[in-house]
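Hello,

Here is the structure we talked about. Please open it and keep it beside you while you read my notes.

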Amino acid sequence: NGASGTVYTSHVANRMWIINESTAGGSNVNVTLQWAASEQLPNFDRTRCYVMQHNGTSWVTATGTAATGTDPYTQTKLNVTTFSPFAVETQRIPRPVTGIYPNPTDNVLNVVLDMLADQPVTLKVFDASGKMVKNIVTNVRTGLNQYTMNVYDLPAGVYLLRVSSILNDKLLVARFLKVN
């Protein structure tokens, strides 16, 4: 956890990189980190990982993407202008009871799905009158998935989210409150 603090024992590559500028300030670089498969701790998923950076008090996270390479692996953080410890972490996906969070929401709604197979899913949002106001098709993978849906353009109100797949037309049905 940075240069001190709680030790991470899962969801990370068991490495930390400390990078310093030779002349402080003015840099704008892409940082590419490399690690071996043997350095991946439990629950690390290199198909959903990112470079995180310690800001002095906590780690700043990002959106997970697939690492490149075939042992060793690499992941890149773009447009780095400040330097401190760096690490690679798997995107942690919480398991909310309802399958969505946060609720109520103002800008984004996270939809968590635990899938038995790779497949496309359809996310439909209906307003209080039953009118469909969003229809999104996305591909998900086997296992735990998180889809972040922008809802900033919806007026405040109560909505129904219905997620379906070829195998299950009611994979997830949940109400959420959109606030401004």
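**Aromatic rings**

W35, F44 and Y73 form one aromatic cluster. Before you look closely, note that this is a predicted model.

How many aromatic pairs does a search of the whole structure find? The search finds three. One of them joins W35 and F44, and this pair is edge-to-face. The ring centres are 5.9 Å apart, with 80 degrees between the planes. A plane angle over 60 degrees counts as edge-to-face. Both residues, W35 and F44, are buried.

Now find Y159 and F176. Is this pair stacked or edge-to-face? The planes of Y159 and F176 meet at 20 degrees and the ring centres are 5.6 Å apart, so the pair is stacked. The cut-off for stacked is under 30 degrees. Y159 sits in strand β13 (residues 157-165) and F176 in strand β14, so the pair ties together parts that are 17 residues apart in sequence. Y159 and F176 are both buried. In general, two things describe a pair of aromatic rings: the distance of the centres and the angle of the planes.

**The whole protein**

Step back for a moment. The protein has 14 strands and zero helices. Reading from the N terminus, the elements run β-β-β-β-β-β-β-β-β-β-β-β-β-β. The C-alpha trace spans about 60 × 35 × 30 Å along its principal axes. The protein has 180 residues, and 36% of them count as buried.

**The sheet with three strands**

Look at β8, β9 and β12. They form an open sheet in the order β8-β9-β12, with antiparallel pairing. Which strands are at the edges? They are β8 (100-101) and β12 (143-150), and each pairs on one side only.

Start with β8. Two bridges join β8 to β9 (residues 108-115), and these strands run antiparallel. Y101 stands opposite N110 in β9. β8 and β9 also form a hairpin, with six residues between them.

Then move to the other side of β9. β9 and β12 pair over eight bridges, again in the antiparallel sense. Here V108 stands opposite N150 in β12.

Why is β9 described as largely enclosed by the rest of the structure? Six of its eight residues are buried, so β9 is largely enclosed.

As you trace these strands, keep one general point in mind. In a regular strand the side chains alternate between the two faces of the sheet.

**The sheet with four strands**

Next, find β10, β11, β13 and β14. These four strands form an open sheet in the order β11-β10-β13-β14. The pairing is antiparallel here too. The edge strands are β11 (132-140) and β14 (172-178), each pairing on one side only. From one strand to the next, the twist averages 20 degrees.

Follow β10 (residues 119-126) along β11. The two pair in the antiparallel sense over eight bridges. The bridge partner of F126 is M132 in β11.

**A buried arginine**

Now go to R48. You will find it in the loop between β2 (29-35) and β3 (49-54). Is R48 buried or exposed? R48 has 10% relative accessibility, so it counts as buried. The cut-off for buried is under 20%.

R48 and E89 are 41 residues apart in sequence. In space, they are 8.5 Å apart, C-alpha to C-alpha.

Which residues make the nonpolar patch of about 200 Å²? They are V158, L177 and V179. V179 is found in the segment after β14. At 32% relative accessibility, V179 counts as partly exposed, because that label covers values between 20% and 50%.

Best wishes

Definitions and conventions. Residues numbered from 1 in each chain as written. Predicted model: local features only at pLDDT ≥ 70, side-chain atom pairs only at ≥ 80, totals over all residues. Heavy atoms only, no water. Pairing = 2+ DSSP bridges. Axes fitted to C-alpha atoms, helices over the stretch in contact; angles between N-to-C directions. Buried < 20%, exposed > 50% of the residue type's maximum accessible area, 1.4 Å probe, protein only. Phe/Tyr/Trp six-rings, centres within 6.5 Å; stacked < 30°, edge-to-face > 60°. Patch = residues over 30% accessible without salt bridge, like charges linked within 9 Å, V, L, I, M, F, W, Y side chains within 5 Å. Areas by Shrake-Rupley, 256 points an atom, 1.4 Å probe, with all protein chains shown as cover. Salt bridge = Lys/Arg side-chain N within 4 Å of Asp/Glu carboxyl O.
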